[in-house]
Amino acid sequence: MKLDIMKLNKKNIINFEVDYIELFWTLKNYKEIEKGLDSDNSNFRVFKWYTLEKSDNIQNYQYKITFWKKEVPVFAWYLWDQLNLYIETKDYFCVYGSAFTLMNLNEIIDFINENLFIDFWSQNYIKEINKKMNEKREEKFILKRVDLAIDIIKPIDKVVKNFRKLQSKWSKFFDENWNIQTYYIWEKKNTLNKNLLIRIYDKIADIKQKEKQFLYPHYLKEKYVTRIELEFRSELVKFLYLEKLLDRNYIFSLFTSYIQKHTCIFENIKWKDIRLKKLIKSITVQDLHSRQLAKQRYLNTFLWYSRKFLELWTCPVHILIKEWIIADFTKRDIWLSIVDWILDMKKYREWLTTKNIKYLFTNNQENDKEGN
């Protein structure tokens, strides 16, 4: 691949951060926490400043507990399972990338220190690492994975032209329009690669696809944002101290040392030049409308395609029902709005549908309270 020589400066960098963490540890008092998640009515409960959600039927684990903050998933904890007579998994905790938009790294590490504890397997694993390193390891957390991400205001095709092909395995991911959206360097499968994976992708497209505009409103002001992620896997991070991630100079040196053989675009950048992304708590009310605007765009697009279906091919409602893309309350609303075997659209829009009954019931309760 021919290099299109490009050297970045601090104006090109929109953010650099730890973007994902996994570690082998156990959640404190998880049995007590679990009791509040096992009722027949709900698998949710409040825990400190978080809403917890329990999910069963998790492959290779008994269940998963997701921690939500401001309606955003920030953490998850997985309880080990016995797969067969000889193989069992290990408890592990992960910090999602969205957590770093709502919290700073100090808060996240404080949460880990306060709410997780070492298990028997981790104790033995630490002893093995100490023997290899010939030192006493005071850091108790066993890291499984750490992602470092940098966001640059450049188009993805121009960024990729500045990466040497080398002998590493490359792969590409295409979007629905067959545009290249993500490049991978090195093997993606964990079983074949326990060291490092590099991802290069269009961050703007990723934000819109995952409907995360409300988390990254300031990114949408840019024409291009390309993210470069280094995923440090088990063999590289097992010797890494969790608290060391707080050292910005260290993590940027770590990032550049592993990427410099692939590209030289960061040669003029120092860690002090890099701005931290604005946290969600500093976003203005106007910025928060970006998610609603995105939903309205999707709705308008959906209606446009629906009319074209009706004009040129078939009924869009028929397609959705045939594919069973329909909510339970919609099925009930249709049933309630049938008059003489015909769907009464006026009744469906205005009368005794599930949503309207709930609204009337709530208002009647409030009126009764005021009357009393």
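Analyst: Among contacts between residues at least 6 apart in sequence, 63% join residues at least 24 apart; a contact means heavy atoms within 4.5 Å. This is a predicted model, in which local features need pLDDT of at least 70 and side-chain atom pairs count only at pLDDT 80 or more, while totals for chains, interfaces and linings use all residues. Residues are numbered from 1 along each chain as its sequence is written, and side-chain values use heavy atoms, with hydrogens and water left out.

User: Why is Y50 called buried?

Analyst: Buried means under 20% relative accessible area, exposed over 50%, and partly exposed in between (1.4 Å probe, protein chains only). Y50 has 6% relative accessibility, so Y50 counts as buried. F67, with a relative accessible area of 0%, is buried as well.

User: How many aromatic pairs does a search of the whole structure find?

Analyst: The search finds 19 aromatic pairs. Rings of Phe, Tyr and Trp (its six-membered ring) pair if their centres lie within 6.5 Å; planes under 30 degrees apart count as stacked, over 60 as edge-to-face and the rest as tilted.

User: What makes the pair of Y50 and F67 edge-to-face?

Analyst: The ring centres of Y50 and F67 are 6.1 Å apart and the planes stand at 85 degrees, so the pair is edge-to-face. Y50 belongs to strand β4 (residues 50-55) and F67 to strand β5 (residues 63-69), so the pair ties together parts 17 residues apart in sequence. Strands (E, at least two residues) and helices (H or I, at least four) are DSSP runs, numbered from the N terminus. Ring pairs also link Y50 and F67 with F75, F93 and F111 into a cluster.

User: Why is strand β12 described as largely enclosed?

Analyst: Six of the seven residues of β12 (residues 196-202) are buried, so the rest of the structure largely encloses this strand.

User: Which strand is joined to β12 by bridges?

Analyst: Two strands pair if DSSP finds at least two bridges between them. Seven bridges join β12 to β13 (residues 226-232), and the two run antiparallel. R199 stands opposite E229 in β13.

User: How does the span of helix α8 stand against the expected value?

Analyst: The expected span is 1.5 Å times one less than the number of residues. Helix α8 (residues 248-259) has 12 residues and reaches 17 Å from its first C-alpha to its last, close to the expected 16 Å. Its buried residues pack against β1 (13-24), β9 (142-152) and β13.
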